[in-house]
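This report describes selected features of one protein model, taken element by element. Please keep the sequence and the structure in view while reading.

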Amino acid sequence: MASVRIRWFGHSGFSIRDGKTALIDPWFEGNPKGSGGLDTAPGADLLLLTHDHFDHAGDAVALAKKTGALVVAIFELAGDLKAKGVPEAQLLHGGGGMNVGGTVSVQGFEITMTEARHSCTLGAPVGYVLKTPSGLTVYHSGDTGIFAGMALIGELYPIDVALLPIGSVFTMDHRQAAKACALLKAKAVIPMHYGTFPILEPNADRFVAELAKVSPGTRPIVLAPGEETTL
């Protein structure tokens with residue numbers, strides 16, 4: 001398997017580079033933990049959105065125009081982006097997007113849309129399982145609480161690395177996220193959606209300690225905003 005580089009931009013934003021580059025929920029403008037605005041955003045071939053909240057999709061139109069990336073989103077969010085000026089050619093299935101349970105192959109990535117337990121205005125919140133061109137399987141849960149179906153996701157897909165929120169208030173807390181790793185049988189986990197705002201969990205310490213107790217087979221990878229790991 002070739003090396004896959006995963007960079008965290010703070011909050012829930014990641015880039016996954018394996019020949020091509022996929023951005024997931026990138027948020028640059030106004031991100032308190034970000035390194036700068038949209039001018040610091042990397043190039044991308046794919047742009048995946050989990051739901052329509054500002055801290056996940058607020059930069060979507062501008063990033064689509066900046067990068068020329070193909071945008072992957074649930075049907076209703078894709079339609080909204082089309083209405084806001086993202087060209088059909090840059091939207092999955094010309095603006096039809098996809099929906100929970102579906103799998104598509106684009107830019108060498110195999111992308112499966114999964115359920116998530118959260119709120120949004122357009123469609124439903126989702127997560128993604130990505131199999132990269134060289135075969136690494138990454139699960140980005142999106143904003144979510146823990147749910148029993150994570151065990152099915154882990155059964156269906158061998159999760160090499162899970163990207164999971166731990167911040168509480170709006171998503172899973174450290175205990176739920178650690179248990180989610182056990183359900184998923186994830187080999188590694190990168191925590192996200194914490195430390196961005198004062199009301200969220202400030203760091204990953206409690207999560208790492210809980211993980212060692214409930215899912216000791218999962219390796220924690222704690223990144224600083226802007227930091228990259230290679231898998």
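## An exposed position and the basis of the model

Ala212 is placed in helix α6; helices (H or I, at least four residues) and strands (E, at least two) are DSSP runs, numbered from the N terminus. Ala212 is exposed, at a relative accessible area of 53%, where buried means under 20% relative accessible area, exposed over 50% and partly exposed in between (1.4 Å probe, protein chains only). Between the C-alpha atoms of Ala212 and Leu200, which are 12 residues apart along the chain, the separation is 22 Å.

The model is predicted: local features need pLDDT of at least 70, side-chain atom pairs count only at pLDDT 80 or more, and totals for chains, interfaces and linings use all residues. Residues are numbered from 1 along each chain as its sequence is written, and side-chain values use heavy atoms, with hydrogens and water left out.

## His193 and its surroundings

The loop between β11 and α6 contains His193, which counts as buried at 1% relative accessibility. The side chains of His193 and Asp143 are joined by a polar contact of 3.3 Å. A polar contact is a pair of N or O atoms within 3.5 Å; within protein, one must be able to donate a hydrogen and the other to accept it, and residues adjacent in sequence count only if both atoms are side-chain atoms.

Beyond its neighbours within four places in sequence, His193 is in contact (heavy atoms within 4.5 Å) with residues including Trp8, His11, Asp55, His56, Asp143, Phe170 and Leu200.

## Helix α5

Helix α5 covers residues 174-184, and its buried residues are His174, Ala177, Ala178, Ala180, Cys181 and Leu184. Viewed down the axis of α5, these residues fall within an arc of 150°, so they line one face of the helix; the arc is that of the directions from the helix axis to the C-beta atoms. An α-helix has 3.6 residues a turn, so residues three or four places apart point the same way. The buried residues of α5 pack against β9 (137-140), α4, β10 (161-165), β11 (188-192) and α6 (205-214).

At the start of α5, the backbone nitrogen of Arg175 has a side-chain oxygen of Asp173 within 3.2 Å. After α5 comes Lys185, with a positive phi near 55°. Lys185 is not a glycine, lies in the loop between α5 and β11, and is exposed at 66% relative accessible area. Ser168, also not a glycine, has a positive phi of about 65°; Ser168 sits in the loop between β10 and α5 and is partly exposed, at 27%.

## Helix α2

In helix α2 (residues 60-67), Ala60, Val61, Leu63 and Ala64 are the buried residues. Down the axis of α2 they fall within an arc of 165°, so they line one face of the helix. Their cover includes β4 (46-48), α1 (54-57), β5 (70-72) and α3 (75-83). Gly68 follows α2 and has a positive phi, near 75°.

## The largest pocket

A pocket is an open set of points on a 1 Å grid over the protein atoms alone, where a 1.4 Å probe fits, with protein on both sides within 12 Å along at least five of seven lines; lining residues have an atom within 4 Å of a point. The largest pocket holds about 160 Å³ of space, a volume being the space filled by probe spheres set on the points, which are joined across faces, edges and corners. Its lining includes Val100, Met113, Glu115, Leu152 and Tyr157. The elements that give two or more residues to this lining are β7 (109-115) and α4 (150-156), and β7 supplies the largest share, 4 residues.

By class, the lining has 6 nonpolar, 4 polar and 1 charged residues. Here Ala, Val, Leu, Ile, Met, Phe, Trp, Tyr, Cys and Pro count as nonpolar, Asp, Glu, Lys and Arg as charged, and the others, Gly among them, as polar.
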